[in-house]
Amino acid sequence: MIFERKTIVIFSIFVMGFLISFDQTIYGQDSVNIESEKEFPSTFRVVTHLHTSFSHDARFWSEPNLQIENLKQQGYDAVLVSDHDHSTFSSTQTNFVVPPFKNGSFEKSRITPLQMKIINIPKSSSQYLNASDSSNSYEGQTSFHLNLKGNSDEFDSLSWVYWERGVDKIRDRPIAYDLALKFSIFFSELPKELDSTAYLCSTIGKRQDVRYNEVSKKICFYFSEKDWNESNYFPLTENQNNLLVRIDPPPLKTWKEYEFNLSELALDNFDELEGVPMKYLMLKQVTFNLVSKNGSMIDLHLDNLNVLSKMTSAQMFDWWKKDIESYSEENFVVISGLETTYGQDIAAYGLENWYNFSNYDSVTDRTQGINDFGALSILTSPRAHNFTEVKEGDGWGSNLIEIFNTVHDSKPSSQVLKGWDSFLSKGVRISGVAGFDSHGLQMTPGERNPTVVIEPIYENIVYAESLTKENILSSLEKGHFFVKQTKYPILMTLSPGSELKYQMGGIQNISNNEENYVSIFIKGAPLPSKLRIYSDGERLSELKITKDPFVTEVKIPPNKESYVRYEVLHLGERIAFSNPIFFVSDSQNEIDVVKESPTQLAQGTQNFNSVEDNFLAFGIILSIVIIIVFGIIIKRKISINKQLSN
Ligand SMILES: [Zn+2]
């Protein structure tokens, strides 16, 4: 019977040990009250810093409905959209100025100035002269001086398509912004009718996507006195895709300025533009052409070529804001904003009206201006600019700083995290955010573009009372959110005191934090992971995360103004980081907790507890099975022993 007793003792120790270790697995440290899980608030997946085709730097496949629909399909709850504001860069107050021509670029060896691309080169039999300084140009400017002599028996042409200076992309322009084409022309010799002409064409339409086929409609302005339809020269033949507008040439050796409303002409003359809603229609390109035949010479000067919006910046912003926010649905919120782009980019979300943010002398003043307008300010992609300046600026008073940007970073940069800690240690209350920065979903064929991205690598999990524009903006501003790698279903909290309160970030009065502890809860982190806690610009401690969920409390320096934040690392990679709690002695600053409406509380509790309940039920069943199995084994052994002793 000695053997039997030993077996029973070992068995009991085993079962007790199992239950104790299982208890630890669920609850982590005993000091934390797991009951408070019931207060777990609602979380929302939020993407900040999305661009659309209405941006100055629009990309292929970047229309709002494609960009926003893409994120909605990925399960995001809220998207903050902003486009660069380049509208104050020129006197025209628009985004769409084609840069002035460069002088001296049209030599045979070097025929492509930076902002233009030749799309049709004259055959070898033709002649053309260089662009040169023009004595006939506007005062203080230079213009193109072009001269083409056609073949004796057929037409010959020279065409340039307009691209932006230094950037090898055609920029689409929304015709909803009431676009006009403007240029000035000077003829040294009047072209002979039907033998030679100059004309400008604008192509309006949209690029191919899942909903609509490619649409291209041309409006061409030409100077010939007779109808070029007779010539059968394609661009000057009127058909359903091609509108010809004959314009009077300037008197000989006299400059004349022209301006045409492209949006009006297109909408009046092309029936329904293949059924594509106007807001998706863009000006795709502008070409300038010289055509000559029978050896006749064409010689002209061209200047002041612009595509501009007839709307003011404020009108454009209003139009865009209404359009962008109309993509909101019952369970999906779109928040509009503006990326102010003067040196360091600072985005402004929740901005009601356009404002000329270029008027501020410093980034600090501009950021303060954004905050004064009641908008949320985000210091975007700090590494894409001069990071030394960013560091010296201490965040310039922004509410948030992008610790990660999907376009500019492959991982949260140590440099930016260090910079963030240095701001925080100086008492600057700035929260860390993951910015998306996608400018499109598909490359223009034949080009490489890092700003074309489909999925955020890191995303923001925001604690909010409910899914509204106001709540999301307010929670972001207060730092009630954390950042995690999109692929991990991590849920985490950081609260002052040793009782789990399920909150993230915020301000805590030191006197209310008598115990000098913070409590941390992490669920869904892959095992094993590491928890690194930072305070006062230094690593306070590092713990191993060996359980899921993981709960711990950490002692912090007592009665001292400071902050605490943490990072979660897996296999050396930062997979999530919290926003800080700021400990202050100012009694005005009580910690603000995200309040819950009863429905959301129930939902949050249910989601959160279901995993725990299943886990607990599984443990109990497993323990019972083990007890029964051991019971049977012991019983059999006893009966065998009995038989043997018999
Ligand atoms: Zn941006």
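Predicted model: local features only at pLDDT ≥ 70, side-chain atom pairs only at ≥ 80, totals over all residues.
Figure 1. The secondary structure comprises 9 helices and 30 strands. Of the protein's 646 residues, 43% count as buried.

**Figure 2. The largest nonpolar core**. This core holds 131 residues, and those that touch the most other members are V79, I175, L262, Y349, I472 and I522. Strand β8, spanning residues 179–187, supplies the largest share of the core, with 7 residues.

**Figure 3. The surroundings of I522**. Which residues does I522 touch, when residues up to four places away in sequence are not counted? They are I490, M492, L531, I545, P549, F550 and V568. I522 is also one of the residues that touch the most other members of the largest nonpolar core.

**Figure 4. The buried residues of helix α2**. Helix α2 runs over residues 64–73, and its buried residues are P64, Q67, I68 and L71. Because these residues cover an arc of only 90 degrees around the axis, they lie on the same side of α2. The elements against which they pack are the strands β1 (43–50), β2 (78–85) and β15 (333–342), together with helix α4 (313–325).

**Figure 5. The residue G75 after helix α2**. G75 follows α2 and has a positive phi, near 90 degrees.

Methods: Residues numbered from 1 in each chain as written. Helix = DSSP H or I, 4+ residues; strand = E, 2+ residues; numbered from the N terminus. Buried ≥ 20, exposed ≤ 12 C-beta atoms within 10 Å, placed from the backbone. Core = buried A, V, L, I, M, F, W, Y, C linked by C-beta atoms within 7 Å. Contact = placed C-beta atoms within 7 Å. Arc of directions from axis to C-beta.
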